[in-house]
Amino acid sequence: LFIAHCREENLPHLKNNCPAATDVTLLIGPEGDFSRSEISLANQAGFKNISLGTARLRTETAGIVACHIINLLND
């Protein structure tokens, strides 16, 4: 369980925290990112904060990038 957001700096990268050959649930936020309260609720539900890199991505691009990272880990 992961939540990708830009509210904090130095978040761990998905590629270093997603074990290969496992099911992944990844939350990608709306344009403008998740609110702090949404992130807190996700964390309380067991979601781990992660980054998809240093660039701020649009919502539709972030989903593709995340799927690509997971695909590469399972290649």
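Visitor: Where in the chain does Asp33 lie?

Guide: Elements are read from DSSP runs, numbered from the N terminus: helices are H or I runs of at least four residues, and strands are E runs of at least two. Asp33 lies in the loop that joins strand 2 and helix 1. This is a predicted model, in which local features need pLDDT of at least 70 and side-chain atom pairs count only at pLDDT 80 or more, while totals for chains, interfaces and linings use all residues. Residues are numbered from 1 along each chain as its sequence is written, and side-chain values use heavy atoms, with hydrogens and water left out.

Visitor: What is the phi of Asp33, and is this residue buried or exposed?

Guide: Most residues other than glycine have a negative phi. Asp33 is not a glycine, yet its phi is positive, at about 80 degrees. For accessibility, buried means under 20% relative accessible area and exposed over 50%, with partly exposed in between (1.4 Å probe, protein chains only). Asp33 counts as buried, at 13% relative accessibility.

Visitor: Which value of phi does Ala21 have, and where is Ala21 found?

Guide: Ala21 has a phi near 60 degrees, again a positive value in a residue other than glycine. Ala21 belongs to the loop between strand 1 and strand 2 and counts as exposed, at 72% relative accessibility.

Visitor: Which residues does Glu31 contact, beyond its neighbours in sequence?

Guide: Contact means heavy atoms within 4.5 Å. Glu31, in the loop between strand 2 and helix 1, is in contact with Arg58, Thr59 and Glu60 when neighbours within four places in sequence are left aside. The Glu31 side chain reaches the backbone nitrogen of Thr59 at 3.1 Å. Glu31 itself counts as partly exposed, at 48% relative accessibility.

Visitor: How many salt bridges does a search of the whole structure find?

Guide: A salt bridge is a side-chain nitrogen of Lys or Arg within 4 Å of a carboxyl oxygen of Asp or Glu. The search of the whole structure finds one. Arg58 forms a salt bridge with Glu60, and their closest N and O atoms are 3.0 Å apart. Glu60 is partly exposed, with a relative accessible area of 46%.

Visitor: In what order do the strands form the sheet?

Guide: Two strands pair if DSSP finds at least two bridges between them. Three strands form an open sheet here, in the order 2-1-3, with parallel pairing. Strand 2 (26–28) and strand 3 (48–50) each have a single partner strand and stand at the edges, so one side of each is left without a neighbour in the sheet. Strand 1 and strand 2 are joined by three bridges, and the bridge partner of Ala4 in strand 2 is Ile28.

Visitor: Which strands does helix 1 lie across?

Guide: Axes are lines fitted to C-alpha atoms, for helices over the stretch in contact, and angles run from 0 to 180 degrees between N-to-C directions. Helix 1 (residues 36–44) lies across strand 1, strand 2 and strand 3, and runs at about 165 degrees to strand 1.

Visitor: Which residues make up the largest nonpolar core?

Guide: A nonpolar core is a set of buried Ala, Val, Leu, Ile, Met, Phe, Trp, Tyr and Cys residues joined through side-chain atoms within 4.5 Å. The largest has 10 residues: Phe2, Ala4, Leu14, Cys18, Ile50, Leu52, Ala62, Ala66, Ile69 and Ile70. At least two residues of this core come from strand 1 (2–4), and at least two from helix 2 (59–73). Helix 2 gives the most, with four residues. Another core, of five residues, lies apart from this one; among its members are Ile3, Phe34, Ile39 and Ala42.

Visitor: What does Ile69 touch?

Guide: Ile69, found in helix 2, is buried, with a relative accessible area of 11%. Not counting residues up to four places away in sequence, Ile69 touches His13, Leu14, Lys15 and Leu52. The C-alpha atoms of Ile69 and Leu52 are separated by 8.6 Å, with the two residues 17 residues apart along the chain.

Notes
Polar contact = N/O pair within 3.5 Å; in protein donor to acceptor, adjacent residues only side chain to side chain.
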